[in-house]
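Let's take a walk through this chain together. Have the viewer open and follow along.

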Amino acid sequence: MIVSTRGRYALRVMIDLAEHHSDDRIPLKDISSRQGISQKYMEAIMTLLSKNGFVDAIHGKGGGFKLNRSPEQYKVGEILRLTEGTLAPVACLQENAEDCDRASECRTLPMWAKLNSLVNDYLDSVTIADLMKKEN
């Protein structure tokens, strides 16, 4: 599994919004500047996060973005599944995958299923609040 820049940047944006939380919305240009991400790419990420209810957005003058939950309520797994589509290590474990003719005799399927479970369980145990903590 390789997480794309969209997934990595979405996590950075969510951490940035959490660290700069206020009652006002944060302008896209401020987040873009702090994170070193182009505004154009940032717009696509923010649109995805906004349309899926992860952030509140107001467009136009005085607009911007803010979290609509506390950082503890955002799981890394849900953000990555939104941006990446899947975290499954093999196609047959993706959501809505077609049934594999070999599944009943596949010697590797249990291993892939366990890896899938481990990855998803771990990423669902980490929150944006956890990522805000600076490790030494």
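Among contacts in the chain between residues at least 6 apart in sequence, what percentage join residues at least 24 apart? The answer is 64%, where contact means heavy atoms within 4.5 Å. Before going on, a word on the ground rules: this is a predicted model, so to speak of local features takes a pLDDT of at least 70, side-chain atom pairs count only at pLDDT 80 or more, and totals for chains, interfaces and linings use all residues. Residues are numbered from 1 along each chain as its sequence is written, and side-chain values use heavy atoms, with hydrogens and water left out.

Now the overall layout. The chain has six helices and two strands, in the order α-α-α-β-β-α-α-α along the sequence. These elements are DSSP runs numbered from the N terminus, with helices being H or I of at least four residues and strands being E of at least two. Along the principal axes, the C-alpha atoms fill a box of roughly 60 × 35 × 25 Å. Of the 136 residues in the chain, 33% are buried; buried is under 20% relative accessible area, exposed is over 50%, and partly exposed is in between, using a 1.4 Å probe and protein chains only.

Zoom in on α5, residues 109-125. This helix has 17 residues and reaches 24 Å from its first C-alpha to its last, close to the 24 Å expected at 1.5 Å a residue; the expected span is 1.5 Å times one less than the number of residues. Which residues of α5 are buried? They are N116, N120 and L123. Seen down the axis of α5, the buried residues fall within an arc of 70°, so they line one face of the helix. That arc is taken over the directions from the helix axis to the C-beta atoms. On the other side of α5, you'll find P110, K114, L118, D121 and Y122 exposed.

What do the buried residues of α5 pack against? Their partner is α4, residues 76-84. Two packed helices are described by the angle between their axes and the distance between the axes. Here α4 and α5 pack at an angle of about 120°, with their axes 5 Å apart. That makes α4 oblique to α5. The axes are lines fitted to C-alpha atoms, for helices over the stretch in contact, and angles run from 0 to 180 degrees between N-to-C directions. Under 35 degrees counts as roughly parallel, over 145 as roughly antiparallel, 65 to 115 as roughly perpendicular, and the rest as oblique. From α4 the contact draws on V76, G77, E78, L80 and R81, and from α5 on N120, L123 and D124.

Two buried residues are worth a click. V76 sits in helix α4 and has a relative accessible area of 4%. Leaving aside neighbours within four places in sequence, V76 is in contact with L11, L123, V126, T127 and L131. V76 and N120 are 44 residues apart in sequence and 9.4 Å apart in space, C-alpha to C-alpha. Over in helix α5, N116 is buried at 17% relative accessible area.

Last stop: the loop between α4 and α5, where N96 lies. Phi of N96 is near 65°, a positive value in a residue other than glycine. Most residues other than glycine have a negative phi. Is N96 buried or exposed? At 74% relative accessibility, N96 counts as exposed.
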